[in-house]
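Colleague: I'm new to this one, could you walk me through it? Please start with the terms I need.
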Amino acid sequence: MEVPDYNFMPKITITDIYETIIKQGQPVENVLDYIDGLNLDVIVLTNRPESDRDRTVQDLDNADVNHIRLIMNGGSSPAPEFKKAEVQKLLNEGFDPEVFIDNDKANRDAIASRSEERRVG
């Protein structure tokens with residue numbers, strides 16, 4: 001497998017939704033302001049099942065979250081495994097996740113371990 005050239009990959013922000021940028025049905029303004037200030041394309045990565053897509057899209061629209069992609073869990077993988085695998089797919093597509101925002105430490109740790117593997121590998 002060809003190793004991507006990380007110097008020329010488009011930088012993105014990856015964020016979770018619920019309890020991260022939307023809490024109790026309301027936008028978390030300080031997090032959304034932070035994301036807006038990064039001036040990067042946003043990919044929303046949630047462990048919510050694909051069957052919740054319509055509701056999730058509506059929640060994102062209601063919170064005025066601009067994003068280029070919504071990735072939802074179409075299987076039964078635990079969130080950390082699912083999110084780590086999806087970030088790897090994004091890397092393989094040529095994206096460079098600059099920032100990963102998630103309220104769950106296990107998910108952040110899984111992504112951090114991916115970053116360490118990338119640096120070592």
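Predicted model: local features only at pLDDT ≥ 70, side-chain atom pairs only at ≥ 80, totals over all residues.

Colleague: In what order do the elements of the protein chain run from the N terminus on?
Modeller: The order is β-β-β-α-β-α-β-α-β-α, and the secondary structure of the protein chain amounts to four helices and six strands.

Colleague: And what is the strand order in the open sheet?
Modeller: Its four strands are arranged β5-β4-β1-β6, and the pairing is parallel.

Colleague: Why is one side of β5 and of β6 left without a neighbour in the sheet?
Modeller: Both β5 (69–73) and β6 (96–101) stand at the edges with a single partner strand each, so one side of each has no neighbour there. On average, and ignoring direction, neighbouring strands of this sheet are turned by 25° against each other.

Colleague: How many bridges pair β1 with β6?
Modeller: Strand β1, residues 11–15, pairs with β6 over five bridges in the parallel sense, and T15 has I101 in β6 as its bridge partner.

Colleague: Which helices pack there?
Modeller: Helix α1 (residues 29–38) lies across β1, β4 (41–49) and β6, and runs at about 165° to β6. Helix α2 (residues 53–62) also packs on the sheet, where it touches β4 and β5, and its direction makes about 140° with that of β5.

Colleague: Changing topic, what share of the residues is buried?
Modeller: Of the 121 residues in the protein chain, 38% are buried.

Note on methods:
Residues numbered from 1 in each chain as written. Heavy atoms only, no water. Pairing = 2+ DSSP bridges. Helix = DSSP H or I, 4+ residues; strand = E, 2+ residues; numbered from the N terminus. Axes fitted to C-alpha atoms, helices over the stretch in contact; angles between N-to-C directions. Contact = heavy atoms within 4.5 Å. Buried < 20%, exposed > 50% of the residue type's maximum accessible area, 1.4 Å probe, protein only.
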